[in-house]
Amino acid sequence: MIPVTPLSAERSSLLATDISERLNAAIREHLLAAFAPDSTKTLREFSAPEVAELLGVSGQFMRKVHGEEVIPEPKINRGGRRYYSAQELWAAREVLEKSSRKKGRYLPRRSSDEKLQIWQLMNFKGGSSKSTTTVHLAHYFALHGYRVLALDLDPQGSLTSMCGISPEIEFDGLTVYDAIRYDNPVSMAEVVVPTYFPGLSIAPARLLLSEFETESAVHSNGDQPFFTRIRNAIAQVEGDFDLVLMDSPPQLGFLTISGMAAASSIIVPLTPSMLDVSSTAQFLELAGAYMGVIENAGAELRYDHFKFLITRDEPTDVPSQQLTSFMRALFQDRVMSATALKSTAISDATMLKQSIYEVVRSEMTRGTYDRARGSMDAVGSEVEAMVRQTWGRK
Ligand SMILES: Nc1ncnc2c1ncn2[C@@H]1O[C@H](COP(=O)(O)OP(=O)(O)OP(=O)(O)O)[C@@H](O)[C@H]1O
Ligand SMILES: [Mg+2]
């Protein structure tokens, strides 16, 4: 336990430092308890039916390829049931892809003439589910065989900590800031690190990233405009990924706008409440004005997709359903068909810095898990369809 002594009250600066030190110590303890023994995140195993579903094959097909020793047996077999690590799932994709007649059936990664997908989740309304949606999409795509880069543009570092790096404690590694700063930036390849989740890498953020806001106000100029810096950083690692997912801070500053100038598609997550809808209207008005400034500076902003996603959807809440219908009537297919349901399964998982994909189904009420998982799968699959459409695939 952390000793509880009175907080410094002499000066506000001391009070703030004192609170931050205590919080950090408490977080360290909490993390150690949650992810013992070495405080690093690990990923669960996946059951045989789940793996068959992720691969898009039948259970019978799986038994056949195991019988013929096409796919090696997974290490874990409990009572005749196979359980796979995500690495084993990834390895199975590679083996099956080699013998598949349809290219991209098991390893759907892009070819050289299919452009890198850069999707930004943005809205300056705090708590609109930007980070939660980003991490769920990242896990969905990684589990479906895509090479994903999660790029954290938020100095709060929520996405970074969901990816297993705790920006609030003992993290002094390189961050996105180091790749986009004006003075002697490092290469993006040095910033990007693989995560514990196979197929997913992270370009981390921490508080220092907010320096980009102040520095851009001073250093951005015609020779090195701020809005090219994220785009250029991503270009340095382009060959390693199929999809980049950028989480944004809840403000329309230089970081968010730099992201917008790099993005090929945008998702605006939106909770169906009157306050959120009206603040989103203001946000988009301002975003439109900034996009105009960037376009006038000679940059081309053309999005393949620009969509609203209803988040924390409550099908039984009448006012929120009315607002959702209103948005759909007004913007039609600009609002994604799938919604992210409000669910305790999601909020409980994110408390442990996990997505629903990391939760073991039997540890939750089945119905609750299935509804949350189904909803996140529907969101992921709709985005996947848009990605594939951009690539000109069926
Ligand atoms: N589908 C959901 N069901 C239940 N709770 C959710 C859901 N999506 C998000 N939440 C909860 O809402 C809160 C805010 O979500 P999140 O951090 O993703 O928002 P954000 O837009 O990234 O916030 P910020 O603007 O601070 O970056 C979190 O506590 C999260 O657990
Ligand atoms: Mg966030």
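This is a predicted model: local features need pLDDT of at least 70, side-chain atom pairs count only at pLDDT 80 or more; totals for chains, interfaces and linings use all residues.
I started with the shell around ligand 1, which by class has three nonpolar, 10 polar and four charged residues. Here Ala, Val, Leu, Ile, Met, Phe, Trp, Tyr, Cys and Pro count as nonpolar, Asp, Glu, Lys and Arg as charged, and the others, Gly among them, as polar. Residues are numbered from 1 along each chain as its sequence is written, and side-chain values use heavy atoms, leaving out hydrogens and water.

Next I counted who surrounds ligand 1: 17 residues, each with a heavy atom within 4 Å of it. Ser129, Lys130, Thr132, Leu341 and Thr350 are the closest.

Then I looked up polar contacts (pairs of N or O atoms within 3.5 Å). Thr350 puts a polar side-chain atom 2.7 Å from an oxygen atom of ligand 1. For Gly127, I found a backbone N or O atom 3.0 Å from a ligand 1 oxygen. I also noted that the protein covers 79% of the 630 Å² of accessible area ligand 1 has on its own (Shrake-Rupley method, 1.4 Å probe).

Last, I checked helix 11 (residues 254-262) against helix 12 (residues 274-296), both DSSP runs (H or I, at least four residues). Ile257, Met260 and Ala261 in helix 11 meet Ala287, Tyr290, Met291 and Ile294 in helix 12, with contact meaning heavy atoms within 4.5 Å.

Conventions. Chains are lettered from A and ligands numbered from 1 in the order in which they are written. Axes are lines fitted to C-alpha atoms, for helices over the stretch in contact, and angles run from 0 to 180 degrees between N-to-C directions. Helices (H or I, at least four residues) and strands (E, at least two) are DSSP runs, numbered from the N terminus. A polar contact is a pair of N or O atoms within 3.5 Å; within protein, one must be able to donate a hydrogen and the other to accept it, and residues adjacent in sequence count only if both atoms are side-chain atoms.
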